[in-house]
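Welcome, and please open your viewer. Let's take a short walk through this model, one selection at a time.

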Amino acid sequence: MVVRLMLRRTGAACAASIVLAMSLFLACSQEPEPTPIQTLPSVSPPATVVPAPMPSPPAAEGGKQSVRKRATEERPRITPFTNVAAEALKDGYEITNYRPAVVVFDYDRDGDSDFYITSNRGNGNLLYRNEGDGTFRDMAEGAGAALTASNSSGAVACDLNNDGYQELYVGARGIIGDGLDFRSATGDDADSVRHREAIQDHLLLNNGDGSFTDITEFAFGDEANLRSASSIACADVDGDGWLDIYVGNAVDEDWFMFDQPSHPGHYNLLYYNNGDMTFDEISKSAGVEGAHITLRDEDGKPLLFKDAETGMEYEGYDPNIVDADGNRVADPSGRTHAALFFDHDDDGDLDLWAANDGHRPYVFRNDSSRGDVRFTPIAEAMGIDKSGNWMGFAVGDYDGDEDLDVFIPNVGYHLRLFAPQMEPGGDCKYTERFDWGTCLHYLLRNDGTENAAGVGEVGLFPNVVSDTTVTPSPLMPPRSLDRKRIHPDWDAPTGLGAYDFGYGTTFFDFDNDGNQDLYWLGSEGPPGNSSFPAAGRMLRGDGQGGFEDITVRARLLDIRDVDYSILDADDPGFNADRQRISNRFHLNGKGLAHGDLNGDGYLDLIGTNSSGPIWDERTKEFVPASGPLFVWMNGGGENHWVTLMLKGRMGVDGTGSNADAVGARVYIDAGGSTQVQEVRAGSSYLSMDSIALEFGIGDAAMVDAIRVRWPSGRTQLLEDVPANRVVEIVEPES
C-alpha cells in the first residue's frame, strides 16, 4: 500500500477557452420582459495507514436510509469567482461549435489540471496545458489532438491501457445543413469518405510524452462510431480491471426536430475493452443501445408510423424519411444527451444512466459477471421514467445523509408562461400535459433500494425537486416565482422545480464548508431571442437538503460584460438592465466541468457556450457570433480541504482495479460529519470533471478517517490525515 502526501502550490492560475458554434435552433418566442490565498504550511508526516474492513454505509430502514444531519452554522460570506479567460488563455477563449465540450484532466501528469475543448470541422480542438503561472497554452496541434477535420462534440479522458496516462475519446456529430445522416458515410466513394472523416469519433492514445496518436482504426475497425455522439463515459463494467467506453448518441443536427410526432435519435454504443487497446461493440447484447421512443395522443394511444417497405410500425419514428443520398434517417431510439456510470444501488458494480432529449431517462442495472456484460432496464420500475428534455447529470450528497443523489436538468419552468401545446410533438411542451411527461428538473433523493415485482432490487429515488426549498436571489429571481406570469392552464412550479433551463451541471463544494453546492448553465436558442433564456444558477447547499440562490453574488452569470459593482437590490443605484444582470442577456451555455486549476484546494469552473446567431436589439436582426468560454476562478477562503488522487493496482502490477480508480467509493470523516464521493469519468453534458475527489472540511485541521472501497472489492482505511493536502492513495495488494 502506498499513500503519498503532496503539498499543492498556491497562486492565481486559471483556465478558459471559448467554445461556440452555429446555432441550429432559432427559437421563435421570448419570455415576457420582467482575499489573497495564504501559503500552506509544510507537509506533515504521512498519514497512518491501517488495513481494516470498510464500514458499511448507513443501513436502510423502511426503504429509506437513516439520516445523520450535519450541524448547521451561520453561513459565511460569499467570496466571488472571477472569469479569467481573457487573461489566462494565451491562444484565445472563443471557439466555433454548437455543442462544445470541456474535459478537465492532467494529460501530461505533471500534477496540475489541464483541459480540452472541442470545436467544429475546420477549427481545431484546443488542448490547454496548465503553465503553472495562471496561464494556459494550446498544445493541441503539436500534440496530435487538434482533429481539425472532425466535427467534434463530447469528449472524455480515461486511462484505457492502465499505463498511468489518460487517453482522449472525442465524439463527433453530423454537419449542420448537409442533409446527410450517418448511413451516407458508410460507402467507399470519395463523398462517403469525406463525410466519414468529419462525423467519425476518434480515440487518441496518450503516449506519455505530451503527445497523442490517433488509433481509431486499430481500436475499433469497422465499428467506429458514425452516429452523432453527445456525451461519453468510461467504466469497468464487468470488473476485469479495464475501462470500457459508453457513447451516448443524439441525432444528426439536420433532424434534431421536436415540432412533429417523429423525433428519433441514434442508438448508443458500448465498447468492451479487450485489454490490448482493441474494443468490441456490444451495446445490443448488453442491453444498453437504448429503448424505442414513445409518444402518445391525448387518449394514451401510441402515435405510429408504418415502414413502407417492411410494414413494421414504429412509435414516434417515421422510417420513411431519407437523407439527401436517399438513406434512411436515424434509429427508433432516444436522443441521449448525457451518460453516467455510478453504483446507485451500492452493490459494488457500476450501473448506467442516460439522459435523453424528448424521451425518458434510461437506468440500466448492472447484472454483469466477468466476461459476460448484461444490464437490465429499471427506470420504469423506479418510477423515474417521465418523458422530458433531459440534459445532463450531477451526482452528490446534497442532503448530508451519506449517500449519492442525482440532479438531472430539464427545460425548467419556461413553457408554463405560455398555453400548453395541443399538437403532438417530441419535446416536453407537449408531453408535460400528461402524468408521463414533465419539463421540470429531477432531483432524485437516494433512499436506498426496494424490491420491484418482476425486476428485483432497484434504486429508490423519489423526485423531490418541487419540495426542495430554494431561497431565491433578490437580484435575479426566476420569473416563475411571480404567479401572475404563469399561464392559468398550468400549476405554478415550486421549490427547485421553479428554476431555469440547464445543460451542463455539477455538484461541488465551492466554499469547502463540507456541504455540496449545485451549479448548472445552459440555454437554447440564440441569445436575445430565446424560448428558454437562462444564464446559469449557483445554489449553495445547506447540507440538509435546502439551497440558496447565490448566482449573482458568486459572479457566475453566463453573460458577457456583467457589471457586478452594485449587488444590493435595495440600493437606489442598482439597475439590473444597465448592469446586465438578467436572463435577457444570456449566452447559449452547453458544457461545464469543475477542477482545481490553480492548486489552492478550491474548485474552479469552466463553462462553454455555443457559437451562432445573436439577436441585435438595435438592428432587429440576427448577427453571427462566436461563443465565449468562461474560466471562473474560485476566490478561495479560510476553510480547509483535502484532495484525493486514487491509483488502482492495474497501473502498478496488473492486478486489482483500473488505474484511474473509476468506480471507487470514498467516505471521509472530518469535523463530526461523514462525506461520500465516487470516482467518475464523464457524466455532465458533453463534458467531464476532474477525476480527483475534492472534499471541503470547514475548520477541521485533520481528516479523522478516509475509507476507500475499490472497484476490485478491496477496502482501505487511512487515519489522521492532515488538512490542506493532496493525498495520493494506491490500492493495496490483495
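**From a hairpin to a cavity**

Start by selecting residues 665-670, which form strand β43, together with β44: the two strands pair in the antiparallel sense over six bridges. Keep in mind that you are looking at a predicted model.

Next, go to the turn of this hairpin, where two residues sit between β43 and β44. Pick Gly 671 there, and you will find a positive phi near 60 degrees. Then click on Val 666 and look across to β44, where Gln 677 is its bridge partner.

Now stay with β44 and show its side chains. Which residues point each way from the strand? Ser 673, Gln 675 and Gln 677 point one way, Thr 674, Val 676 and Glu 678 point the other way, and all are buried. Because six of the six residues of β44 are buried, the strand is largely enclosed by the rest of the structure.

From here, move on to the largest cavity, with a volume of about 270 Å³. Select His 594, Gln 677, Glu 678, Arg 680 and Asp 689: of the 27 residues in the lining, these lie nearest the cavity's centre.

Which of them gives the most? That is β32, with four residues.

Methods: Residues numbered from 1 in each chain as written. Predicted model: local features only at pLDDT ≥ 70, side-chain atom pairs only at ≥ 80, totals over all residues. Heavy atoms only, no water. 1 Å grid on protein atoms, 1.4 Å probe; cavity = no way out; pocket = protein on both sides within 12 Å on 5 of 7 lines; lining within 4 Å. Points joined across faces, edges and corners; volume = space filled by probe spheres on them. Buried < 20%, exposed > 50% of the residue type's maximum accessible area, 1.4 Å probe, protein only. Pairing = 2+ DSSP bridges.
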